[in-house]
Amino acid sequence: MASDIEVNLIGYLKADPALGALVASRVYSEFAPQPATAPTALQTAAPLYPRVVVQVVSSPQEYHLGGPIGMVHARVQVSCLGRGPNGKADAVAVALAVKNSQGGNPTGPKLDGYHGTMGDMNVQKAALTDRRRSVEGPTHADELPVRRIDLDFEITYYE
Amino acid sequence: MAAPNLPVISYLGTLQVDTTGSGAWADIGQVQKFKPPQMKVGDSQNTYLQQSAPWRTYQPGWGEPGEATFTIMMRQSDYNTLFGYFTNRTSKNFRIRYNDGSTPSSGSVLTFGSAAYINELGDDEVSRDSELPIMTSGKIKVSGLPTYAPAT
């Protein structure tokens, strides 16, 4: 089984309709793709925000004396970003949608407290353990501030 | 879904009580942690004076089913249920269900005999300096032979 927590979590988030209504398919691994056009043009181009960026921070695993048992405790940062006049409200809404996401299963458990199958992984527990807010101010006059909420999840799974 | 026959973490493990005595198992609410009973079998010495080897010998003695301990976050309804069992000295069937089955409700079960009872109950410290929920802890005295049913 070639389990990858980042791939599976992104698939889970993209399958959630409530989150999709906010960010469409803008759920990225590690960093968002760079825009192909100049910053000024971005303001009116296809929306790049709000968006979600998923990054695995660490993933220690469990051993017994005979070797690894396959259980991994991953710490995953899910960054929820919004830009412009509604950036803060967008980031807050996206963060809430991530926390409550159900991976497309309306009767399934929410991500915060999740237990079950996620992609090809067997998740023992996913828990929201920390959240931080920050703002990235504009560097140039024609840029808009980006509001950011980082959610830290601890996810225990079998790979 | 838990991986069959693999070690699991404590998450979604439950401490349950048979509320009616006829198999109506209900989770004890707000449980933060519990410790299953540490069961023990006594040691019965059967050394005799004429034996040739100068080493004491033993055989298994009486079984002691032990006590389970638990800690819950105090919420009035959950506390009231346990308080009722305690003050009335009610014998109940208690059990632990681990989250190691194909679903959280099909995990392995350790049932505490047939007539366990709560023999200790009380709040932990209520302090001006604490910002944590008030905790209540207690002990369940297990009576008789515990039974274990592996997960399905």
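User: What is the area buried between chain B and chain A, and how much of it do carbon and sulfur atoms give?

Analyst: In this predicted model, about 970 Å² is buried between chain B and chain A, and carbon and sulfur atoms give 60% of that area. The contact draws 13 residues from chain A and 11 residues from chain B.

User: What polar links are found across the interface of chain B and chain A?

Analyst: Four residue pairs are in polar contact across this interface, both residues of each pair being at pLDDT 80 or more. Salt bridges between chain B and chain A number zero.

User: Why is B:Gly107 called buried?

Analyst: Its relative accessibility is 8%. Buried means under 20%, so B:Gly107 counts as buried.

User: Where is B:Gly107, and which residues is B:Gly107 in contact with, leaving aside neighbours within four places in sequence?

Analyst: B:Gly107 sits in the chain B loop that runs between strand S7 (94-97) and strand S8 (109-111). Its contacts beyond those neighbours are B:Arg97, B:Tyr98, B:Asp100, B:Gly101 and B:Ala151. B:Thr152, 45 residues away in sequence, has its C-alpha 6.5 Å from that of B:Gly107.

User: What makes B:Met74 partly exposed?

Analyst: The relative accessible area of B:Met74 is 36%. Partly exposed covers values between the 20% limit for buried and the 50% limit for exposed, and B:Met74 is therefore partly exposed. The residue belongs to the loop between strand S6 (67-73) and helix H1 (76-87) of chain B.

Conventions
Residues are numbered from 1 along each chain as its sequence is written. Chains are lettered from A and ligands numbered from 1 in the order in which they are written. This is a predicted model: local features need pLDDT of at least 70, side-chain atom pairs count only at pLDDT 80 or more; totals for chains, interfaces and linings use all residues. Side-chain values use heavy atoms; hydrogens and water are left out. Helices (H or I, at least four residues) and strands (E, at least two) are DSSP runs, numbered from the N terminus. Buried means under 20% relative accessible area, exposed over 50%, partly exposed in between (1.4 Å probe, protein chains only). Contact means heavy atoms within 4.5 Å. Buried area is the accessible area (1.4 Å probe) that two parts lose on being put together, summed over both. A salt bridge is a side-chain nitrogen of Lys or Arg within 4 Å of a carboxyl oxygen of Asp or Glu. A polar contact is a pair of N or O atoms within 3.5 Å; within protein, one must be able to donate a hydrogen and the other to accept it, and residues adjacent in sequence count only if both atoms are side-chain atoms.
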